[in-house]
Amino acid sequence: MKKVASIDKELEHVEFLDLFDLEMIQKLQDSFSSATGVASIITKPDGTPITKPSNFCRLCKDIIRKTEIGLKNCYYSDSIIGRQNTSGPIFQNCLSGGLLDGGASISVGNKQIANWLIGQVKSEDTDDDEIMLYADEIGADKDEFKTALKEVNTMSAHQFENIADSLFIFANQLSEKAYDNLQLQMNKNKLELLVQEKTVDLEAAIEQLRATNEDLSFKNNIIHEQNSKLKKALKRLKETQKQLIQSEKMASLGVLTSGIAHEINNPLNFLQGAYIGLENYFEEYGSQDQNTTQLLLESIKTGVERASKIVKGLNQFSRESSTLDEECNVHLILDNCLIMLYNQLRYNIVVLKDYCNENLFVKGNVGKLHQVFVNILSNAVYSIKDEGEIHIITKKEKGNIIIEIIDNGMGISPQNISHVTEPFFTTKPPGDGTGLGLSISYSIIKEHHGIIEFESVIDKGTKVMIMLPEQES
Ligand SMILES: Nc1ncnc2c1ncn2[C@@H]1O[C@H](COP(=O)(O)OP(=O)(O)OP(=O)(O)O)[C@@H](O)[C@H]1O
Ligand SMILES: [Mg+2]
């Protein structure tokens, strides 16, 4: 990277044209010459011209400077007359042609960078004959030299001195400007350097930021991935937990029901046997009151049959199977469920069965479908506080079996209806319900490729509609 040098270092290399605009300086020099009537040129310290000559006389321009020796002498004279002098202008006869010349140096700090030279005039003291000797010395055409010498501007030495004084002031001003310009240039360089340094710093900071950002977004991605894995795991966990609760519930219910069924089955067999025995006995030996005996026998028969039905229903409910290809008789399942809920239904609820007049079969899991209808019917029973009605409709529609269970209970509020199938959603008091009934029913119906829908009006009642694909025969 570039470095800003000290002013002394800068001074070592600086040149006049580094600090001034040539065009502007040329204009200044031209106008000075035309205002004062003297010739003028600005040269390097060694006499080499920087500007174009202004107002040069023919003698100097076209004759003396056109000869090799003349030109060399001119440069030499310019370097001497323009030498550094801080106390005032230098004026003396030109060391080449001998005309009156003057000069002032232009410096920056202590370093001279240019000479501003004026002259090419004759004064009252100028000796033309002496100057003519110079034509020979440099090998110029004498006649031409003489004619040109005559054309040279004449002014008093005093006037020329005044012009040289004002030149000195001008040159000093230019020196000061040169110094200011150098400092400006150095400040500009310093600023550029500072900007460069800051840019490098900034680029490094941006690079670091980009790297940090990349790192962050990489970590973010990892967190995101882990988060979604965690979410999935949590979902799986919830589902497993749900299934676990349900299978626990089912298992204990199954144990209970099959135990009860077994226990009841034995005495039922006794009863059945005793009933047949009694029937045979009365057939063989007769009775005193045939009618009453018949009535009593009939009622024993009805009781035994009803108890057998209940036992059969309980066995169906607790069947342990996970297959989905059993033939499920919808009406039979519904009736079993009603038998199981008989105790809850019989006092205050009328059950209206509006079954399709043919048997309806779906392919699935008998035990699980029992579970669905027991859940829905229990909810309907729970919703009826005093007296009410549960209407069960079954029908066949375009290859589907439709079961509607309608109650005229308390209904479900619009804000709750969309949540009823969510696991653990319940409006029952703590301890009364798990809130799993409908979420499990929903999963079972989905498993059976069916749909379950709810319609409800608060204080009017609820309709649960289940649609299942009919079993292909
Ligand atoms: N027929 C209905 N009438 C009124 N509300 C109902 C009916 N069916 C369901 N709900 C509402 O849906 C909620 C969820 O029912 P779900 O069967 O899933 O759980 P639960 O009945 O509260 O508890 P559980 O079934 O474990 O006893 C009920 O708490 C109730 O608010
Ligand atoms: Mg329920």
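A residue counts as part of the shell around a ligand if one of its heavy atoms lies within 4 Å of that ligand, and helices are DSSP runs of at least four residues, numbered from the N terminus. The legends below describe a predicted model.

**View 1. The shell around ligand 1 draws its largest share from helix 12.** Ligand 1 is surrounded by 18 residues, and the closest of these are N379, T426, T427, T434 and L438. Helix 12 supplies 3 residues, the largest share of the shell around ligand 1.

**View 2. Polar contacts between the protein and ligand 1 involve D407, K428 and G437.** An N or O atom in the side chain of D407 is 2.9 Å from a nitrogen atom of ligand 1, while an oxygen atom of the ligand has a polar side-chain atom of K428 at 2.9 Å. At G437 the contact is made by the backbone, with an N or O atom lying 3.4 Å from an oxygen atom of ligand 1. Of the 590 Å² of accessible area that ligand 1 has on its own, the protein covers 91%. Helix 12 (366-383) and helix 14 (437-447) are the elements that give two or more residues to the shell around the ligand.

**View 3. G435 lies in the loop between helix 13 and helix 14.** The C-alpha atoms of G435 and E422 are 7.9 Å apart in space, although 13 residues separate the two in sequence.

**View 4. The N-terminal end of helix 10 is capped by N329.** A side-chain oxygen of N329 lies 3.2 Å from the backbone nitrogen of H331. Helix 10 comprises residues 330-340, and H331 is itself one of its buried residues, together with V330, I333, L334, N336, C337 and L338.

**View 5. L256, I260 and I264 make a nonpolar surface patch.** The patch has an area of about 240 Å², and one of its members, I264, is found in helix 8, which runs through residues 157-285.

**View 6. The domain assignment divides the protein chain into domain 1 and domain 2.** Domain 1 covers residues 7-197 and domain 2 covers residues 321-469, and their centres, taken over C-alpha atoms, are separated by 118 Å.

How values were computed: Residues are numbered from 1 along each chain as its sequence is written. Chains are lettered from A and ligands numbered from 1 in the order in which they are written. This is a predicted model: local features need pLDDT of at least 70, side-chain atom pairs count only at pLDDT 80 or more; totals for chains, interfaces and linings use all residues. Side-chain values use heavy atoms; hydrogens and water are left out. Patches are made of residues with over 30% relative accessible area and no salt bridge: like charges are joined within 9 Å, nonpolar side chains (Val, Leu, Ile, Met, Phe, Trp, Tyr) within 5 Å. Accessible areas come from the Shrake-Rupley method with a 1.4 Å probe; for residues, only the protein chains shown count as cover. A salt bridge is a side-chain nitrogen of Lys or Arg within 4 Å of a carboxyl oxygen of Asp or Glu. Buried means under 20% relative accessible area, exposed over 50%, partly exposed in between (1.4 Å probe, protein chains only). A polar contact is a pair of N or O atoms within 3.5 Å; within protein, one must be able to donate a hydrogen and the other to accept it, and residues adjacent in sequence count only if both atoms are side-chain atoms. Domain bounds come from an automatic or database domain assignment.
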